[in-house]
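Here's a quick briefing on how two protein chains meet. Have a look at the structure first, then work through the points.

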Amino acid sequence: MSPIYAKRRRRNSMFLGLSVVATLFGLGWLAVILGTLLYEGFTGIDLAIFTASTPPPGLDGGLLNAIVGSLIMTSLAVLAGTPIGILVGTYLAEYGRYTRLAFVVRLVNDILLSAPSIVLGLFIYELVVVNMGHFSGWAGAAALTVIVIPVVVRTTENMLILIPNTLREAAAALGAPRAHVIRKVTWRAARTGMITGVLLAVARISGETAPLLFTSLNNQFWSADLNAPMASLPVAIFQMALSPYADWQRLAWAGALLITMAVLFLSVVARLLGSSSQSERD
Amino acid sequence: MADIVSSAHSTPTFATARTRRAHRADHIFHGLTRICAVFVLLMFASIVLSLVIGAWPAFEAFGFAFLWTEVWNPVRDLFGAAAPIYGTLVTSAIAMIIAVPVGIGIAIFLTELCPRVLRRTIGIVVELLAGIPSIIYGIWGLFVLAPILQQTVQPALVGIFEGIPFFESLFAGPPYGIGMFTAGLILAIMTLPFITAITRDVFETVPSVLKEAAYGMGATTWEVVWNVVLPYARGGVVGGIMLALGRALGETMAVTFVIGNAHRISVSLFAPGTTISAAIANEFTEAIGELYVAALIELGLILFFVTFLVLAAAQYMLYRLEARTGERA
């Protein structure tokens, strides 16, 4: 074996060994994080989490007000953001696919998609909180809506583009106007993919903390009043984790586990839906 | 002639009330989707506008000196952004130095070495981890990582680098556990799945013909990765890294828990500092007075501007990659 060849083989095994080490290192960290979360979360979780509201430090309580607040604001944001997002995605994929407007909207949307969420919170603070004069559940829902729209736009466009043109042409040849083709043919063919997009949007906002800090603020008490400050799981976790009280920190871990479970559940369902719609097409 | 054609088009002689109605409905629907598309642009414009209006009092008071002034004194209404900007850049740099090589390493492992069965599983796990909310990383950093760093890692690093110029001052001072080093580490762990997922996707766009040709000439796996896969995928990988950088720069919750919120520029990485997003998250609800609020909003504007540049560059590179793979397909 020539020395050059031996050297090349050594280099090969060295760098490939390094990539294995990188994999073990990276996945190791993530495994440790999930492990801690499961351990701390399950020791902290009990029935009271779902039945009682934020306790004063030292007393028993739960996260009911925060869970309900999160559910309310998330649902409102999805209800408001989904139709807009789907219509924008439809414009990008159908009516305006190659227009200049679509190009700009696509770029701006991709930037909004990864813009720092705390800045979006500042925006809603200026727009809603300052004008209303106080923090409110409405403002929190508005901040989350701003995050939902770009996610839905992106997935809707991606899914609609995958629909073969022959489907559209066939419908058009039957004399169907374009709006009809889109609603009755393309949307229907892309339905599962679009639902996946909405699920991903829900997963994304259910853990968002930064935009809620100064829009919906937080609320220690049970409240379903959208005109008042509203508790949410992420903000509750934030405040309880930074508090010096051991039982609040325990609640924070339990809340963190709840959010992670919800997000993982949503993403797994979205993946399953996505892969089943793919196999249908194949 | 043109008139005849267009009028024949808009009111065909065989048009019934029904097709006319359908035509109108089509126009309305088209208009609706267009309005919504314009709405996205308006949303973006109003974000910029509202931040500029909100930040105006601070800009009037401090001008451009805001960018390089270190003082942050709410009592005397004196504000400067130097410390948060410095903290944002340093923590993101630490994150990228760790996460980029590791992420690319994992992507190489997944695309070139991993058995097929494991590849799918690890790929899915990585993608799921990329979706975990950042507050989870933050709370773990505060309760688990910070104490470990404080008790073992930081004293060890201080010992190792003692006497080596430059590095000595980077790893110095009392080990608080929280600080810029910890924040950078958390950011690295958080962006890792993201970088891995994108890099792997880009690696998978490399045509197997190219790789097979190199293998056919007797190249080793590493040589194929280094000379074929990486050059081909460079644009996409850089785009993915910039996307991750954009996230790291703007990340709030993972950082706020462990940064220490001190408006100071310290050479030592172990010292507590602050980042733009952490300063806003920590102080905004407690900020009293027009100037304090405006200074925080101006921080937000700076952050938005910087991430805009980074993200726009990232998108440009990824679009180019998309266009190229589109051509070849």
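Let's start with one pair of side chains: B:E223 and A:R8 form a salt bridge, with N and O 2.6 Å apart. Keep in mind that this is a predicted model.

**Charged and polar links across the interface**
- Side chains of opposite charge can pair when their charged atoms come close.
- How many salt bridges does the rule find across the interface of chain B and chain A? It finds 2.
- Polar contacts turn up there too, with 7 residue pairs across the interface, both residues at pLDDT 80 or more.

**Who makes up the interface**
- On chain B's side, α2(B) gives the largest share of what touches chain A, namely 21 residues.
- Sort that side of chain B by class and you get 54 nonpolar, 18 polar and 4 charged residues.
- Chain A puts 76 residues into the contact, and chain B puts in 76 residues.
- Together the two chains bury about 7000 Å² between them, and carbon and sulfur atoms give 83% of that area.
- Three residues, B:F29, B:W140 and B:W222, supply 10% of the area that chain B buries against chain A, more than any other three.

**A helix pair to look at**
- Two packed helices are described by the angle between their axes and the distance between the axes.
- Helix α8 of chain A (residues 178–189) packs against helix α2 of chain B (residues 17–62) at about 70 degrees, and their axes are 7 Å apart.
- That's why α8(A) and α2(B) count as roughly perpendicular to each other.
- From α8(A) come A:R178, A:A179, A:I182, A:R183 and A:W187, which meet B:A25, B:D26 and B:F29 of α2(B).
- By class, this helix contact has 5 nonpolar, no polar and 3 charged residues.

**A link inside chain A**
- Over all chains, the salt bridge count comes to 11.
- A:D46 forms a salt bridge with A:R250, where the closest N and O atoms are 3.9 Å apart.
- A:D46 sits in the loop between α1 and α2 of chain A and A:R250 in helix α12 of chain A, so the pair ties together parts 204 residues apart in sequence.

Key:
Residues are numbered from 1 along each chain as its sequence is written. Chains are lettered from A and ligands numbered from 1 in the order in which they are written. Side-chain values use heavy atoms; hydrogens and water are left out. Axes are lines fitted to C-alpha atoms, for helices over the stretch in contact, and angles run from 0 to 180 degrees between N-to-C directions. Helices (H or I, at least four residues) and strands (E, at least two) are DSSP runs, numbered from the N terminus. Angles under 35 degrees count as roughly parallel, over 145 as roughly antiparallel, 65 to 115 as roughly perpendicular and the rest as oblique. Contact means heavy atoms within 4.5 Å. Ala, Val, Leu, Ile, Met, Phe, Trp, Tyr, Cys and Pro count as nonpolar, Asp, Glu, Lys and Arg as charged, and the others, Gly among them, as polar. Buried area is the accessible area (1.4 Å probe) that two parts lose on being put together, summed over both. A salt bridge is a side-chain nitrogen of Lys or Arg within 4 Å of a carboxyl oxygen of Asp or Glu. A polar contact is a pair of N or O atoms within 3.5 Å; within protein, one must be able to donate a hydrogen and the other to accept it, and residues adjacent in sequence count only if both atoms are side-chain atoms.
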